[in-house]
Every structure is written in C-alpha cells, then in structure tokens.
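Student: I have a structure open and would like to learn how to read it. Where do we begin?

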Amino acid sequence: MTYIAKPKLHHPSLTRNRVGFTRRDYEGKISTLCAGCGHDSISASIVQACWELDVEPHRVAKLSGIGCSSKTPDYFLGQSHGFNTVHGRMPSVLTGAYLANRDLLYLGVSGDGDSASIGIGQFVHAMRRGVDMTYIVENNGVYGLTKGQFSATADQGSRSKKGAENTDSPVDLVSLALQLGASFVARSFSGDKAQLVPLIKAAMKHRGAAFIDVISPCVAFNNHGGSTKSYDYVREHNDAVNRLDIIEGRAAIEVIQPDEGVIDVEQHDGSVIRLRKLEADYDPRDRLRAMNFIAHHAAKGEVVTGLLFVDPESRDFHSHLTTVQMPLNQLETAALCPGAEVLEKLNASFR
Amino acid sequence: MTASTNDFVIKFANVNGSGSASANELFAKAILRMGVPVSPRNIFPSNIQGLPTWYEVRVSAAGHLGRRGGVDLMVAMNPQTWDADVREIEAGGYLFFDSTKPLPQGMRGDIEIIGMPLSALCVKHYDDPRQRQLLKNVLYLGGLSMLLGIEPAVVEALLSEQYKGKPQLAQPNIDAFRLGRTWAQDNLKFPLKFGVVRADNVGDRIFIDGNSAAGLGCVYGGATVCAWYPITPSTSVAEAFEKYCHKFRIDADGKRKFAIVQAEDEIASIGMVVGAGWNGARAFTATSGPGVSLMTEFLGLAYFAEIPATIVNVQRGGPSTGMPTRTQQADILSCAWASHGDTQHVLLFPEDPHESFAFAADALDLADKLQTPVFLMLDLDIGMNQRLCAPLQWNAGRTLQRGKVLDTEALEGGVPFGRYRDVDGDGIAWRTYPGTHPVRGAYFTRGTTKDADARYSERGPDYLDNVHRLKRKFETAKGLVPQPIIERAHRPTSLGVLYFGSTSPSMHEAAQRLAVDGLALNLMRIRAYPFPDTVRDFVLAHDHVFLIEQNRDAQLRTLLVHSFDVDPARVTPILHYDGTPITARFIAGAIRERLGAIAIREVAA
C-alpha cells in the first residue's frame, strides 16, 4: 500500500475509450491493503476490463460483503455507487438492487470467508436464481482482517502461518456454482492478468449469474510453504484450459477463420467469446464434463483455470419473473397505484 | 348467561382440515348481511390436518368487536376437545352436538342440550365419503339458521357467491343447507333464548383480515419489490400482495410491474429489501418475531446507512415452536431497538384492517421520507381474522412521496452533494440513486465508518456528528408518524389509559362498562413510535395512567419511560399475554382491581 495520493491530473496522452474515459476514470481510492496483495491485482484487472468494455462507470453498481476483499470496491470505479454490506450477505443486497433497476451492471465482490463460510447460503441461492451479475470471489483461503484463520476454501492438509494443519475438507466454489446452475463459471489467478481481464469482460457481457473464483494470495497470512493458495504453489499447479478474447458485436464482421483449437461462443448481446483451447478435450459448453474435469484434476492437486463453463442461451432472474422492461425504481404513481375508484369497488367486494 | 337477541357468543369446535372453516365463515357473514355486527376469531393449531381448531363468533348489536370471553352456544364437533368445550359454556347456555352417537354420561345440568344426527343424515343422503364430511358442516349451518333466526335467503345467496360459476357445487350445498333447516324445523325446539334479528348496525363497514389489507396497502403504496420467507402468521401478507399485483400490476404485454421473491430465509429477505431500497425501489418484507430476530444485523445497517425498508411484522409468540398461531404484542422492544449499536426504529401500530391498509402505504412513504426501516406492527388477532372495520380509504390524487432524492437535473444544475450532510436541519440528508449521473452524486455506502461526505472515517467527531444527526432525524419522525388519538371521558378525570393496536375494540368496550360503573377514563391510543410529545403531555396530565399491553414485560412502557424520562410509578401496566386476544372483561376487571389500591382525585368540571 502507499500513502501518497495519486495526482488527480490526467496526462493528456492517456488513451480514451469509445465513451470518452481514460483508465484513470475507472480507478477508485488508494488501496489500504498490504503491499503485494493479490486483491489489488484483481482491482486493476476490473479497471482494465471496464475501460476496455467502454462501460460508463456510473452504470455499474459494485457491492461487497465484509473482509479484505470486500474493502476493494472502494479502490476501483470511484464514479460508481458502491455498497459495503453485511458479512456474507452481499448476494441478497445485490439481488434486491438488481430487482430495483435491471439497467445497471452489477458487480459483486466477495471473499472466501464471506462466500464459502458465513455466506454460503446466499451464494448458493443467488447462483440458483440466475441474478444477472458478475460475482468475483477473491479467494485466499484465509481470514486476513482477523489475522490468519483458515477459511472454508483452505485445502485439507494445508498449513497456516502458525503451522496448524487444516483437517476440514475444502469447499470448491467453482464446482458448487456449476452444480447450482450458474450459467458462467470461471477460475483464474490474481497474478495472471492476461487471463483474468478477458474473463471479467466476458462475465460482464454475460446474461445471468457469472461467477469467477480468483485465487488471490494473501501475502501476510497465506503465502508460506505449506499453503496451497500462495503465489508459488498456484504458479506451479495452475492448469489453464483455455485463453479467451472478447469480440464485441460490432467487430464480429471481421472474418477470422477459427482454427481447430478455437471455440466461438456468441453471447446474448452479440459479443463473441473466442476461446483458444489449451486442453484438447475441454469443451466449456458441457456442464457435466466440466464438473468431471475439475474434480479429476483437483484429485491430482491441479488448479484448473480459465472459462470452465458458459451457457450462451442463459436467461436471467428478471426474465424468469417476467418483469417490465422499465426499471422498477422508475415506475411512478400512475403505474403502481390502482387509485381511489378501484378501491371503492374493492370495498364493495368486502361486504 | 348475559346473552340476548343480537348479542351472544357462539363457538364452533372442529377438527382442522375437515372443511369447517368456510362453513363457519359463511355463518358469520350471513349475520353481517342481516345488518348485525360480528367479530369472528380463528383459534387454530400449527398443523394442517387432524388437530382441534375453533371458530368463535361474537354477535354484538352494540358493535363490540373485541373477544368477549365465555360461550353461549357451543357447536361441539370435535370429540377430542369435548370435555373442555362443554365446560366453557356459560350457565344457561346451549350445547349443540351430533346426536348420531348418544351423549356421554354425567352431562352438566345447567346447560341446554340440542342434538342433531348430522352423521346419520349425511350417511342417509350422500354416498361419497368426502361429500359426507363437507356437507355435514353445511347441515349444521342449516340447523343453526333455523334455531337462531338467520334468514335462509341470505345464506343461500352467500353459497351461490361462494360457488360462483360452479353450479355443480352450489346446488348440493344449498340442498344440504335446506335439509338441515327442515330437519331442525321438524325436530328441534326453537327459538332459543337469543337469536338474530335483522338490524341496521353494520352501515358501510367492510369485513376483511388485516394481512390482506396490509398486502393491498403495499400495492397502493407503490411497493415494487417484495422479498419474504414463509412464517405464520404473516404469510398471507405476501400472498395478498401477490394476488392484488396480479390484478392491478400487469401491463398489456403481460409484463409485471412488481417482483416477488420467496427468499431462502429472513436474512436474505431483508437483504433484498435493503438492496432494492438502496437502489430506489419501494420494497417490503412480511415476517413475524423469529424472522425479525434473523434480520437484526441488516436492520442496524439500514438504520446507519439510511436505507428505506418496510417490515410488516405480524406478531405471535416465540421462538421456534413458539405459539405461532396465538396472538401477542411482544415484539415491541425487539423491533424498536433491533440490532447492535445505538439503533432506533419507527413502529406503526394499526388497530384494525382499515389502518393496516392505510399504515402499510404510509410506512412505504415514511421509509422513503426518513430513509430508514419502518415496522408495521400487526398481530395475529388483527392479521389473520376478518374484522368489521371502516371502508379502506384512499385520497384521489395522492402520489408516492419519495423523499429527498437528487435526480440527474439537480446534479447537473450543480446542487452540492454530500450523502450525509444535514442541509435542511431536520436530520434527513439528500440521497442519489445509483446510475444517476456520469460524474456527480456517486458515493460509497457503509455502516458508521464514514464522514458526512460518505468518505471512510473512523474519527470520533465524524461518528458523533453522524449519530447526533440520526437523533435529530428521529425527532423529525415524531411529526411525520400517525399521531395519537385521544378520547376524553364524559366528565373530567384524573385517570388516563394508554393502549395500542389490536387492544382497541376491547378497550373501548371496557371503558364503556367502567363508565356505567361511574368510572371516567380519558383514553389515548398510541399509533406510532417515536412517540409524539403529546404522549408525554397526556401522561403528565393525569395522576394515574394505565398502559394496556399484550405482553409479559410491559414493553411499550419501557419505551415510554425511556422516551420521556417519566416517573415509572405514574404508569401502571395492565398485561395480558396467554396467547388469546385480550378481552373487555379482563381490562375492566384489572382496572377495577388496581383502582382499589389508588386514591382517586376528583377533578372539578
């Protein structure tokens, strides 16, 4: 972390995106996390992804729970409304916000304690409902703010900084999300921006619950030998199944002949996720095979990363609820209140 | 027995799941249609089939709608509860039973017994076992109508309405009703010592349960998001909201102008309400005491982050297997001070379905105006029983009051924005909805670690500045909530009574009785917390004040003493909390008893 505030002045040479913003316009306050924290890399990836996607910052609502990861929404998208909610309860607040206004982009940021321990119930049900959001878990297997307790994603047999062994079996949020019906499931590593930025972009373009589990080492409490969430361990065991590019709808006219190792997935808004396969037998459109593949590799101690599953035909919660297109928070009295005359008729029916 | 024409209590003892509920309700409605006020109450177990259930109807020409206590005519259809049911009949009263089987030995000699062979008649006339069971209820309806003088045309009209569009069901019911009447006419002695005679005492009043009225009030109040979790006795609030939304909130394309989510628990319910409120939609949840307990962390956050939320709490006993089908007013403190830290919440106390409707809509307005959680405090007695009340009322031209919200134009016009600045001196700051303006009006929402511009701060002065402003806001709330209603005695008196919520009808009746005994009481009905200062003035204007509550620990009294530092000795609690609705008999008796120990100062006219 740094105590020196960045100057507000933008360098004139900073590149502007199609909506007229520079990368700096997507930044937030100075991070107060530890130097080298994986979470700061994720924040930087979010900034990059939003800039590249030409999203107007104020059209994003960012919500989080409690913990180190949940502090980060203050450190990116300073022109977006943010909400640091209750420990483990970000999904319900985000769901309510999304019900109120379907026109905004919703970004939920959580941690492994926040989502896999105290908040696992809300994580589960938000995935089931298909709330249209990008849900990022910054997963370090440890409670940082309370100084180093194991979280529910810590691997069995891994050791804490103090040397204690974790004997509980871990919660794998990726497998859980797949089982629960999430329509976009990915895993990445905070240290791999080349993989993470396109994943965030694809998730934000996706309609429905898009979940990204980002392994994000905790330099203070979980970056030692014996940890399975350290920078060294993840670099050694990372097995990326694909690399992806996002092709905006408008650019899809360019003819790029996909070769054999490429899968194109068109999303509802016309954008295309182009996946370059690194694992020959991996097809991210097959939920069952994805679950099997992940479990198979986990048994070998490998951390599978990349876009693990995507359902291009996904629907979201508003379409399940058949709500009107106009955001509910913009409906006025005339649209909502049946009025005095109708009430007289109702009164008559109660006699 | 005190019963007389148009003034008696009849109680139906049934087994739940036997189809008795609709027949009993029809009985009550028939008397209403004859212009005679009734107040029915369901007394039911937390069970779907097989356990005892009662339906008690008080018929009262004078319009007393509280529970009276005692039974003049028991319709004893449940062998399980026979002994207790027979004991409950007032001396001189009647027992109506199915005489297919003989009466047990050793019956009371001080009551009159009316036997009608209901099962035998059903077996004789119907083949289908299901029909035998259901029409048995209609048979006794026929018998009772003959005994009590209920007009058959009224009952038959109600049966036709009930089975509107289903003549194959309407006719067998009407036939069974006539069969019951004819049998009673040929075989029973009538009239009884009391009965029903057509009158004109109902007026334009309506008959509706508080939960339905509250659900409809949320439609009128512009709620668009309802997140809830099923819990007795509040479930029918969300169900009513859904029913009326389907009626009034679907556009020409079949799209819905509402979103209802049955959440995974009450924590998620209130989380969704808070998220929707933060994002500018009107949102509410309906729950009961155990649900409020689960919601408390969120309620604290909503208080400090200043997010509108409406919570309909239909009170019952608690916890877990805690008398879920009985009534209490025992969540006053758990709602008023819900959550950790220094929190205070707005509570509204409707007295009946009429106010449940009005206050539901008001609660949504208040939550937006005050940017805070607002509780609508029903209880099972109001919520789940149909009650005669004034027609629901809505002013033409009334619009949703969204409170202090800066829109795009205001921000574009350069109105300075700091989320928690007290610009107007009333403690209520201006807010913005997410997504309003590209470069103005965004802020970060969190608990208490913030300054007036919503920047992260753990500084003591910033904290104090914020919580003191919240205090000012609560003072402002005093003037916005429904004000108390005072009813003065016919002559000056040094005695006052405070009461609230479902106690209302019994309190009025008790005051009338005590007035007949020469005891004058000034009444004040509290309708909201924070208490307006007129509540303190009322307490100080009387030597003694009785505070009537339906809980063990005098919870509202605690709030009262805390609010105004009044001497607790001035306020005598009168408490009823066995799970049954409070009665006028109880209140009058308790006041008489307490007065024995008090020297009453006469006040000159």
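Tutor: With domains: their bounds come from an automatic or database domain assignment. Keep in mind that this is a predicted model. For chain B the assignment gives domain 1 (7-187), domain 2 (208-389), domain 3 (408-468) and domain 4 (485-595).

Student: Which strands form the open sheet that includes β1 of chain B, and in what order?

Tutor: Six strands of chain B make up that sheet, ordered β2-β3-β1-β4-β5-β6, and their pairing is mixed. At its edges are β2 (38-43) and β6 (112-116) of chain B, each of which pairs on one side only. Ignoring direction, neighbouring strands are turned by 15 degrees against each other on average.

Student: In which sense do β5 and β6 of chain B pair?

Tutor: Strand β5 (residues 89-98) of chain B pairs with β6(B) in the parallel sense, over five bridges.

Student: How is the size of an interface often given?

Tutor: It is often given as the accessible area lost when the parts come together. Take domain 1 and domain 4 of chain B, where the buried area is about 770 Å², with 48% of it from carbon and sulfur atoms. On the domain 1 side, B:H64, B:R67 and B:R68 lose the most area to domain 4 of chain B, together 61% of what that side buries. Contact involves 10 residues of domain 1 of chain B and 10 residues of domain 4 of chain B. The centres of these two domains, taken over C-alpha atoms, are separated by 36 Å.

Student: How many salt bridges and polar contacts cross the interface of domain 1 and domain 4 of chain B?

Tutor: There are two salt bridges across that interface, along with three residue pairs in polar contact. As a salt bridge to inspect in chain B, take the side chains of B:R585 and B:E90, at 3.8 Å from N to O.

Student: How much area is buried between chain A and chain B?

Tutor: About 5200 Å² is buried between chain A and chain B, 64% of it given by carbon and sulfur atoms. A:H81, A:F350 and A:R351 supply 15% of the area that chain A buries against chain B, more than any other three residues. In contact are 53 residues of chain A and 69 residues of chain B.

Student: What polar features join chain A and chain B?

Tutor: Across the interface there are 23 residue pairs in polar contact. The salt bridge count between the chains is two. B:R446 and A:D74 meet through their side chains in a salt bridge of 2.9 Å, N to O. Among the elements giving two or more residues to the side of chain A that touches chain B are β1 (60-64), β2 (81-84) and α3 (90-100) of chain A. The largest share of that side, seven residues, comes from α3(A).

Note on methods. Residues are numbered from 1 along each chain as its sequence is written. Chains are lettered from A and ligands numbered from 1 in the order in which they are written. This is a predicted model: local features need pLDDT of at least 70, side-chain atom pairs count only at pLDDT 80 or more; totals for chains, interfaces and linings use all residues. Side-chain values use heavy atoms; hydrogens and water are left out. Two strands pair if DSSP finds at least two bridges between them. Helices (H or I, at least four residues) and strands (E, at least two) are DSSP runs, numbered from the N terminus. Axes are lines fitted to C-alpha atoms, for helices over the stretch in contact, and angles run from 0 to 180 degrees between N-to-C directions. Contact means heavy atoms within 4.5 Å. Buried area is the accessible area (1.4 Å probe) that two parts lose on being put together, summed over both. A salt bridge is a side-chain nitrogen of Lys or Arg within 4 Å of a carboxyl oxygen of Asp or Glu. A polar contact is a pair of N or O atoms within 3.5 Å; within protein, one must be able to donate a hydrogen and the other to accept it, and residues adjacent in sequence count only if both atoms are side-chain atoms.
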